Amino acid sequence: MRLGFSIGTLGPVASSPGDQLKLVQQAERLGYESVWASEGYGVDPAATLAWLAAGTERIELGTGVLQISARTAIAGAMTAVTIDRLSNGRFRLGLGTSGPQVAEGWHGQRYERPLAHLRDYVKVVRTALAGEPVRHEGPTLVLPLPDSRGKALTMAAEPVRKPLPIHLAAMGPKAIALAGEVADGWLPIHFPPEHVAASLPLLREGAARAGRDASRIAVSPMVMAMVDDDADYARDLARPMLALYLGGMGTREVNFYNRLAHRLGFADAAERVQDSYLDGGLGEAMEELPDDLVDSLTLCGTPARVRERLAAYREAGATTLIAGLNAPTLDDRVEQLAWLAELNTD
């Protein structure tokens, strides 16, 4: 199992561009396979990865993930080609549907038939990346527009890597099966190793439906990580972001991360976290996170425990483990990269 890490985003309390580059260069020296940039409602991850491409040589660069409501499929394909060419073939296109709160509130796009849209989106991207005229008629995307002045165009640039890999963020059963059917990689977010293993039959089912070899699909769980001799301190550093995901990443009715906690047997705690976040804010939500829920959804704790959990991910079928760093300072994050590299041994 290889290691990757997520640099998250830029903002008032996040890393500066220079700090991000230092972290990625250190990860490259430590042998990390990949770095991933996320998209929320802040900076553009594609521009961040283009910046990082110029300062690195070997580490792969992935979007973890681009929201398909934020740009057309053709714009996504052009982004992929551009970064792949800038990095000399090191780009991975991670895509996700996001949720109704962001799609409708931020991008002004109706969150309707998200999996059908994702399927159409991937098909159009692949057609464009293959250098073929883009003609597509699906339930959510039709190109060129019928009865219009448009015509089927062909991408004027081509990627270095052929085929350029596409990864899908997927949490629900139907979405995981879709990843097996159409993608080169699956990005399960906050999945403990046991749930990764239990979900692999869905990935294989989707692959079989399309006549594909499931063993060739990368499985790259994305989890928050913090290693420390004091397990309580490690949990406390993971709590703010976990409380945000369970409490505020979505509406009371639609929060995919909260639903995951329900499926994993933490329904009561998940509801308390969400109620506390929506009624009182982040601090109140953090207080409702029990230790066992933090332990399940994150990769945090003592070195011995983290080594054990890394081994569990490896045995569950993960090909790459993508860690989100929760340490507070640049020096702390550099130290975390080294810890994880040391602990990820057979």
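Visitor: Why is Ser98 called partly exposed?

Guide: Ser98 has a relative accessible area of 23%, and the class in between is called partly exposed because buried means under 20% relative accessible area and exposed means over 50% (1.4 Å probe, protein chains only). This is a predicted model, in which local features need pLDDT of at least 70 and side-chain atom pairs count only at pLDDT 80 or more, while totals for chains, interfaces and linings use all residues. Residues are numbered from 1 along each chain as its sequence is written, and side-chain values use heavy atoms, with hydrogens and water left out.

Visitor: Where does Ser98 lie, and what is its phi?

Guide: Ser98 belongs to the loop between β5 and α4 (100-105), where helices (H or I, at least four residues) and strands (E, at least two) are DSSP runs, numbered from the N terminus. Its phi is near 60°, a positive value in a residue other than glycine.

Visitor: What makes Asn88 count as exposed?

Guide: The relative accessible area of Asn88 is 60%, so this residue is classed as exposed. Asn88 sits in the loop between α3 (73-86) and β5 (91-96), and its phi, too, is positive, near 60°.

Visitor: How do you know that Ser87 counts as buried?

Guide: Its relative accessibility is 3%, and therefore Ser87 is counted as buried, although the residue is placed in the loop between α3 and β5.

Visitor: What does Ser87 touch, and which backbone oxygen does its side chain reach?

Guide: Not counting residues up to four places away in sequence, Ser87 is in contact (heavy atoms within 4.5 Å) with Ala53 and Leu61. Its side chain reaches the backbone oxygen of Asp84 at 3.3 Å.

Visitor: What makes a set of residues a nonpolar core, and how many residues has the largest one?

Guide: A nonpolar core is a set of buried Ala, Val, Leu, Ile, Met, Phe, Trp, Tyr and Cys residues joined through side-chain atoms within 4.5 Å, and the largest one here has 97 residues, with Phe5, Leu95, Leu168, Trp186 and Leu340 having the most contacts inside it. Helix α5 (residues 114-129) supplies the largest share of this core, seven residues. Leaving aside neighbours within four places in sequence, Leu95 has contacts that include Val65, Leu118, Tyr121, Ile166 and Leu168. In soluble globular proteins, nonpolar side chains tend to be buried together.

Visitor: Which residues are joined by a cis peptide bond, and where do the prolines lie?

Guide: Leu143 and Pro144 are joined by one, with omega about -15°, and Lys162 and Pro163 by another, with omega about -5°. Pro144 is placed in the loop between β7 (142-143) and β8 (166-169), and Pro163 lies in the loop between β7 and β8 as well.

Notes:
A polar contact is a pair of N or O atoms within 3.5 Å; within protein, one must be able to donate a hydrogen and the other to accept it, and residues adjacent in sequence count only if both atoms are side-chain atoms.
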